[in-house]
Amino acid sequence: MPPERCAYALARYSRSPDSIRQSLDWVRQHDAQQFLEHYYFQYGHASIADLGHLVLCFEGISELAAVEIEDEPLWDGQARSSRYQDFAQAGFIVPPELVTDVDRARYAQSAQALLEGYRRVHQAVQELLRERYPKSADMDAAVYQRTIRARAFDVARYLLFLGVPTNVGQITSIRTLEKQIRRLKASPYQELRELAEEIAAACNRPPDLQWAAAAPAEPLAPTLARHTSTDSYLEATTKDLAEWAQQNLPPLPRPQPELVDVLRPEDPVADVVATLLYPVTHYSYRQLYSLARQWSSRQRNEVLDLATRHRRSRDELLRAFRGAPYVIDLTVDIGAYRDLHRHRRCHQFRQPYSTAWGYEIPMWIREVGLATVYHEALDQAYATIEQLPALGRDYLLPFATRIRALFKMDFAELDYICRLRTSPKGHFSYRRIAWEMKQKFERLEPELGRLIQATPPEVEDLLTR
Ligand SMILES: Cc1cc2nc3c(=O)[nH]c(=O)nc-3n(C[C@H](O)[C@H](O)[C@H](O)COP(=O)(O)OP(=O)(O)OC[C@H]3O[C@@H](n4cnc5c(N)ncnc54)[C@H](O)[C@@H]3O)c2cc1C
């Protein structure tokens, strides 16, 4: 059933004595668009749009775009696995922000060097793993090959970058889809603004692919397609907060950040103020929170007023107003961030991409004797990034690059993440981060921390998938 008709049928079902069969007959004979227009968009009964779901697949988008698409708490989906697929096959995307031939050529040269490094590291790590971990007699040969290949991709992925193409399949309600389109339209990246237009256009026509060939060819979500304006509250407020931070924040020291910092903020207003400023600066949450605690009520109100002055009646408050008892400030490689970003039972905030915190060097790189190849590819990419225009340059950021992101969550989610992400079948980068989360949390909150059953990084089983 097209999602808007499904939403209509279920909404009507809740308010009429009819059976679902009768409701479906009704919906067949009536106009779902008129109903949704009236109840969803005019009366603001947004939960009606929870009742229709839509599957969308994005093919050949950049990794940078994939991260933005997935940045929805009420989102279900899967992306191409960097553990099971060879990313060197598909080349790279040249961002539309690079307009001159010189910039495009510079970008292409560094991108090719990264992909060449990726191939070489993958090959060398596979060989070393086969030597160190020979196949046992009882292990299936194909499974063994696949596992070794996957583990080698775990190391090679540090040389992938945000401009490599990927595919994402998602299933969301049309309510989430509306938010996603509006948020993407407010993105500073052209690729994402164009994708938002493409999603809206796809909603306005029959599905490109359908399981049953005989299904009626009617548009999927035409009412939604008409109501997807840019999220101007988000767009204007982000700009205002960035300007405010630049003009008003005192210069703070910028020491090399810790991998994981865990806090339990006790002042909810300072927490909101710090969270509003976090994504538009490069300061740690701890620094911003301690500043906001010292500020007068007038200073805090300045930030809070800025964060609400563009809000219109139907806009939900910005995500930064959401909270949870524990705050985890991470400075981690983009590859690990991509993995942890997928956790939905938490509130997340990322700082702008930058090269300021340097890059990670997995120990396997030295073991296979490719440290020079690795450093050369990354250093060349970093040098090129300095020469490229803003936004376009972000596509060249290797997954090895450290970035800062904030996660707010309750104990149940912290327990879930620490358990799942320390499992020996996981990637060694997020295993180290999740283990550190447990250690720091246990120091902060010993009674709860002791309950987390996490596996230390030393426990290894490379042949477990
Ligand atoms: C070893 C490994 C390999 C992976 N490989 C891939 C891959 O190849 N491609 C890929 O795209 N992703 C991959 N992932 C990521 C994975 O698909 C999830 O995105 C990630 O684990 C976060 O989702 P979660 O449900 O585990 O946790 P969270 O999103 O943190 O959710 C926590 C809990 O909340 C509940 N919950 C959250 N959302 C829902 C929901 N919509 N419906 C019902 N319950 C919900 C569940 O109980 C869930 O366990 C991999 C993860 C691991 C650990």
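1. A molecule is said to sit in a pocket if more than half of its atoms lie within 2 Å of the grid points of that pocket. In this predicted model, the ligand sits in the second largest pocket.

2. The volume of the second largest pocket is about 950 Å³. Its lining comprises 34 residues, and those nearest the centre of the pocket are Q78, D339, R342, R421 and Y430. Sorted by class, the lining of this pocket contains 16 charged residues, together with 9 polar and 9 nonpolar ones.

3. Several elements of secondary structure contribute to the lining of the second largest pocket. At least two residues each come from the helices α4 (63-69), α6 (141-156), α14 (334-340) and α17 (411-421), and likewise from the strand β2 (76-79).

4. Around the ligand itself there are 13 residues, of which D76, A79, R344, E413 and Y416 come nearest. The shell around the ligand is made up of 6 charged, 4 nonpolar and 3 polar residues.

5. Which elements each supply at least two residues of the shell around the ligand? They are β2 and α17. Of the elements, α17 gives the most to this shell, namely 4 residues.

6. For Q78, a polar side-chain atom lies 2.7 Å from a ligand oxygen atom. In H343, an N or O atom of the side chain is 2.8 Å from an oxygen atom of the ligand. For R345, the distance from a polar side-chain atom to an oxygen atom of the ligand is 3.1 Å. The ligand taken alone exposes 940 Å², and the protein buries 63% of that area.

7. Q78 is among the residues nearest the centre of the second largest pocket, and a polar atom of its side chain lies 2.7 Å from an oxygen atom of the ligand.

8. The largest cavity has a volume of about 110 Å³. It is lined by 13 residues, with E72, P73, H341, H343 and Q348 closest to its centre. By class, this lining has 6 charged, 4 polar and 3 nonpolar residues.

Conventions:
Residues numbered from 1 in each chain as written. Predicted model: local features only at pLDDT ≥ 70, side-chain atom pairs only at ≥ 80, totals over all residues. Heavy atoms only, no water. 1 Å grid on protein atoms, 1.4 Å probe; cavity = no way out; pocket = protein on both sides within 12 Å on 5 of 7 lines; lining within 4 Å. Points joined across faces, edges and corners; volume = space filled by probe spheres on them. Nonpolar A, V, L, I, M, F, W, Y, C, P; charged D, E, K, R; others polar. Near = heavy atom within 4 Å. Polar contact = N/O pair within 3.5 Å; in protein donor to acceptor, adjacent residues only side chain to side chain. Areas by Shrake-Rupley, 256 points an atom, 1.4 Å probe, with all protein chains shown as cover.
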